[in-house]
Amino acid sequence: MAVTNIFRRTVPLAARVICRTQSYHHRSSALLSTVVNRSAASRNFFRSSAPSTLHFYSTKRPSSDESLLKVLQSEIQCVEESDVQDEVDEAPEGFPFEIEDHPGQQTITLTREYQGESINVEVHMPDLVTGDEDENDNDRDHPDNEGANQSQIPLVVRVSKKNGPSLEFGITSFADEIAIDTLSIKDPNVAEDQIAYEGPDFTDLDENLQKAFHKYLEIRGIKPSTTNFLHEYMINKDGREYKMWLKNLKKFIEA
């Protein structure tokens with residue numbers, strides 16, 4: 001799979017999924033974004049659609065609900081006409097993990113065994129950069145935000161051994177690059193109310209030690225070829241989940 005093709009597709013696919021809206025934000029606000037163009041007017045919309053006094057009871061659906069259903073149907077049709085894949089992506093040959101993907105959930109889980117170790121990877125939805133987030137341009141240009149202008153995917157990697165502690169890595173992956181954000185030791189015998197020492201910031205570690213941990217993850221399957229596939233996989237999952245979310249909203253309003 002060509003890496004450049006993966007990230008070249010990111011912006012067009014995201015734009016189709018949100019159906020020509022101006023920016024790509026959290027899915028929880030997507031419906032109201034369509035109705036009121038992502039502004040504070042969303043609150044006023046629902047306030048104005050509700051009568052201040054209930055004069056009589058009627059089984060007829062309010063006109064505001066009818067309008068909402070039309071917007072929902074239009075958004076569903078737009079998504080269905082896009083390139084959202086209904087089928088789950090097949091892992092490429094040699095992919096080292098088993099994929100657990102449950103429809104309706106925000107994450108997927110990867111698992112594998114490696115020389116007596118159990119490796120578990122929690123993969124989250126990608127943070128897509130669409131180029132339309134003008135209000136954040138100044139922040140993205142700041143030298144401390146080198147990866148802010150790149151699409152990225154967050155992962156949590158846990159490497160554990162039988163009846164012992166585990167290593168937990170917080171990771172952000174970009175195109176052909178994996179950044180380790182955090183590293184901690186998790187001991188199952190330590191009570192949850194006890195605050196364990198989690199070490200220094202990963203970037204404060206000796207450079208050779210940082211490189212050694214990157215190699216440690218690479219031989220266990222956490223490498224760019226893996227995360228590049230996951231990036232495309234999660235973009236497609238995001239489209240499928242969004243479509244199902246819209247349909248569930250429509251069913252609720254219609255009931």
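1. pLDDT is the predictor's confidence in each residue, on a scale from 0 to 100, and a contact means heavy atoms within 4.5 Å. In this predicted model, local features need pLDDT of at least 70 and side-chain atom pairs count only at pLDDT 80 or more, whereas totals for chains, interfaces and linings use all residues. Residues are numbered from 1 along each chain as its sequence is written, and side-chain values use heavy atoms, with hydrogens and water left out.

2. The protein averages a pLDDT of 77, and 67% of the residues score at least 70. Over residues 1-13 pLDDT stays under 50, and the model has 25 contacts beyond four places in sequence for them; over residues 20-47 pLDDT also stays under 50, with 43 such contacts in the model. Where pLDDT is low, the predicted coordinates should not be read in detail.

3. As to the overall fold, the secondary structure comes to eight helices and six strands, where helices (H or I, at least four residues) and strands (E, at least two) are DSSP runs numbered from the N terminus. Read along the sequence, these elements follow the pattern α-α-α-α-α-β-β-β-α-β-β-β-α-α. Of the contacts with a separation of 6 or more, 63% are between residues 24 or more positions apart.

4. Turning to the surface, buried residues (under 20% relative accessible area; exposed means over 50%, partly exposed in between, with a 1.4 Å probe and protein chains only) make up 38% of the 255 residues. The accessible surface, by the Shrake-Rupley method with a 1.4 Å probe, comes to about 15900 Å², of which 48% belongs to carbon and sulfur atoms.

5. Rings of Phe, Tyr and Trp (its six-membered ring) pair if their centres lie within 6.5 Å, and planes under 30 degrees apart count as stacked, over 60 as edge-to-face and the rest as tilted. By this rule there are eight aromatic pairs. One of them joins Phe95 and Phe229, edge-to-face at 5.1 Å centre to centre with 65 degrees between the planes. Phe95 lies in the loop between helix H5 (63-80) and strand S1 (98-100) and Phe229 in helix H8 (residues 224-254), so the pair ties together parts that are 134 residues apart in sequence. Phe95 and Phe229 are buried.

6. For Phe169 and Phe213, the ring centres are 6.0 Å apart and the planes stand at 65 degrees, so this pair is edge-to-face. The pair links distant parts of the chain, with Phe169 in strand S5 (residues 166-174) and Phe213 in helix H7 (residues 207-218), 44 residues apart. Both Phe169 and Phe213 are buried.

7. Ring pairs also link Phe95, Phe97, Phe229 and Tyr233 into a cluster. A charge sits over a ring if NZ of Lys or CZ of Arg is within 6 Å of the ring centre and within 35 degrees of the ring normal; the charged end of Arg112 sits over the ring of Phe97, 5.8 Å from its centre, and Arg220 lies over the face of Tyr216, at 3.6 Å from the ring centre.

8. Which backbone feature does Gln115 have although it is not a glycine? Gln115 has a positive phi of about 45 degrees, and this residue lies in the loop between strand S2 (108-114) and strand S3 (117-123). Gln115 is exposed, with a relative accessible area of 70%. Asp176, in the loop between S5 and strand S6 (177-186), has a positive phi near 60 degrees and is partly exposed, with a relative accessible area of 48%.
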